[in-house]
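Welcome, and please open your viewer. We will go from one selection to the next and see what sits at each stop.

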Amino acid sequence: MNGVHDMGGTHGHGPIAPEDEKHEPLWHAPWEARMLGITRGMTYPKGFNIDRFRHIRELMPPALYLARSYYDHWYAVCVAALLNGGLATREEIKSGHAAPGSARRNDAARGDQVWQSQKTQGIFTRELTTPPLFAIGQRVRARNINPTGHTRLPRYVRGKLGVVRIHHGGHVFPDTNAHMQGEAPQHLYTVAFSMRELWGADASARDETCVDLWESYLEPA
Amino acid sequence: MTRIAIPAYDGAVNAEVSVTESLSDHPHHHDHAHDHAGSEVPSDPALRTKALESLLIDKGLVDPAAIDAWVDAYESRIGPRRGAQIVARAWVDPQFKARLLQDATRAIEPFGFLGREGQHIVVLENTPTVHNLVVCTLCSCYPWGLLGLPPRWYKAAPYRARSVIDPRGVLAEFGVVLGDEVEVRVWDSTAEIRYLVLPERPAGTDGLSEAELAELVTRDAMIGVVKVEGPKGRKP
């Protein structure tokens, strides 16, 4: 979707104003730590996945997306996931208490399982039997498409010419996975775009931006 | 190309998100002269998060020990010292460095650092003529398994927006000014590949041990926004 989250190349957000790494706190408020723990540890609706998480975050109204801090985005996603999946009601979210007589589950991930599970989570490579359409060094064009659902094809590369730098093999396809329509793995490539191609004649002739793109985002050029 | 629109799903989520918006509404604090969008009261997310935690425990949807365990993992076990170990090893061991640049995931596996947000790693080598910079324009993808919690600026709009269109301006804001002879390569983490920059080893570090070298390596240098500085008090 062409949402406010797709920020690459947009102007007007102000200075980066980085904090000094040596003095930056791990958390900027205690609740951020709790929100991280909740997000990582809670039970999600069946079939929920990281792409769905990202998509729900993108569905935040634009003004809210820009106004809320990072872990508050996570709060919004977790609540939306719970409500949408029927795991909690609005009244429960507001009150912080389970409705009288509601069922209590006993299948949450246990604390003593966390360390092992973080080691095994997040593997997105998948074996493919189809050969890659594109070769390293080949010129490709990012398609000019505007899906209304989740996509990882940023607007700033659509329609632009690039060169395949890396072939990563088969990876889960977020555009279907985010909508619970299966992993539908595709070949994933890193494609390099010159700054001139992306931003015009005033851009650096030397610099480039590399973007990870699934095969169906690309066409031969 | 797959086009997917599931109105029922998307509409439902929009409705739910608007619920969260209503939760943060504060009619008694309303001030129309004020920029409402930017006036987040710090205690509000704290209260909402606390209510969510209580509810999830109440319903058996989270083990409170799991919340603590995840927090502890990122507070005391998973942080930028991991990435620094990789960098220092690459600086002292040319064979390891070659393996790292060839297949970082396999080279890092023996360290035990692979995990969530860091199962598929690519390492990018900075040289006198190439400078690499990592960003995620679409969300905030970051090599958590090697660097721990991402810094706040990395997740915020200014860095996400500008890195791909004005990386030299971004670097200058971090105090790094690169000459025209240096090529800047920006890596936008749009997939599950996690990028780690291998910074240049600073001059004046010939006599340092691997552990001492690791002490010099900063998180920001492994994102690519700064260079690694030599040891203080030593002439390069």
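A word on the ground rules first. This is a predicted model, in which local features need pLDDT of at least 70 and side-chain atom pairs count only at pLDDT 80 or more, while totals for chains, interfaces and linings use all residues. Residues are numbered from 1 along each chain as its sequence is written, and chains are lettered from A and ligands numbered from 1 in the order in which they are written.

**Stop 1: the two chains**

Select chain A. Its C-alpha atoms fill a box of roughly 60 × 45 × 35 Å along the principal axes. Along the sequence they come as α-α-α-α-α-α-β-β-α-β-α-β-β. Of the 221 residues of chain A, 42% count as buried. A residue is buried if 20 or more other C-beta atoms lie within 10 Å of its own, exposed if 12 or fewer, and partly exposed in between, with C-beta atoms placed from the backbone.

Now switch to chain B, which has 12 helices and 4 strands. Here 46% of the 236 residues count as buried.

**Stop 2: a buried helix**

Select residues 30-41 of chain A, helix α1. The 12 residues of this helix reach 17 Å from first C-alpha to last, close to the 16 Å expected at 1.5 Å a residue (the expected span is 1.5 Å times one less than the number of residues). Is α1(A) enclosed or open? Since 11 of its 12 residues are buried, α1(A) is largely enclosed by the rest of the structure. Among the buried residues are A:Trp31, A:Glu32, A:Arg34 and A:Arg40.

**Stop 3: two packed helices**

Show helix α2 (residues 50-58) and helix α4 (residues 70-84) of chain A, which pack at an angle of about 110° with their axes 9 Å apart. Axes are lines fitted to C-alpha atoms, for helices over the stretch in contact, and angles run from 0 to 180 degrees between N-to-C directions. The two helices are therefore roughly perpendicular, a label for angles of 65 to 115 degrees. Pick A:Phe53, A:Ile56 and A:Arg57 in α2(A), which meet A:His73, A:Val77, A:Ala80 and A:Ala81 in α4(A); residues are in contact if their C-beta atoms, placed from the backbone, lie within 7 Å.

**Stop 4**

Colour the strands next. An open sheet of 7 strands runs in the order β5(A)-β1(A)-β2(A)-β3(A)-β4(A)-β3(B)-β2(B), with mixed pairing. Its edge strands are β5 (218-220) of chain A and β2 (130-135) of chain B, each pairing on one side only. Strands pair if DSSP finds at least two bridges between them.

Zoom in on strand β1 (residues 139-142) of chain A: 3 bridges join it to β5(A), and the two run antiparallel. A:Val140 stands opposite A:Pro220 there. Then find β4 (residues 208-214) of chain A beside β3 (residues 183-188) of chain B, a parallel pair with 4 bridges. A:Thr209 stands opposite B:Val186.

**Stop 5: the contact between chains**

Finally, how many residues does each chain give to the contact? Chain A gives 99 and chain B gives 88.

Notes:
Two residues are in contact if their C-beta atoms, placed from the backbone, lie within 7 Å. Angles under 35 degrees count as roughly parallel, over 145 as roughly antiparallel, 65 to 115 as roughly perpendicular and the rest as oblique.
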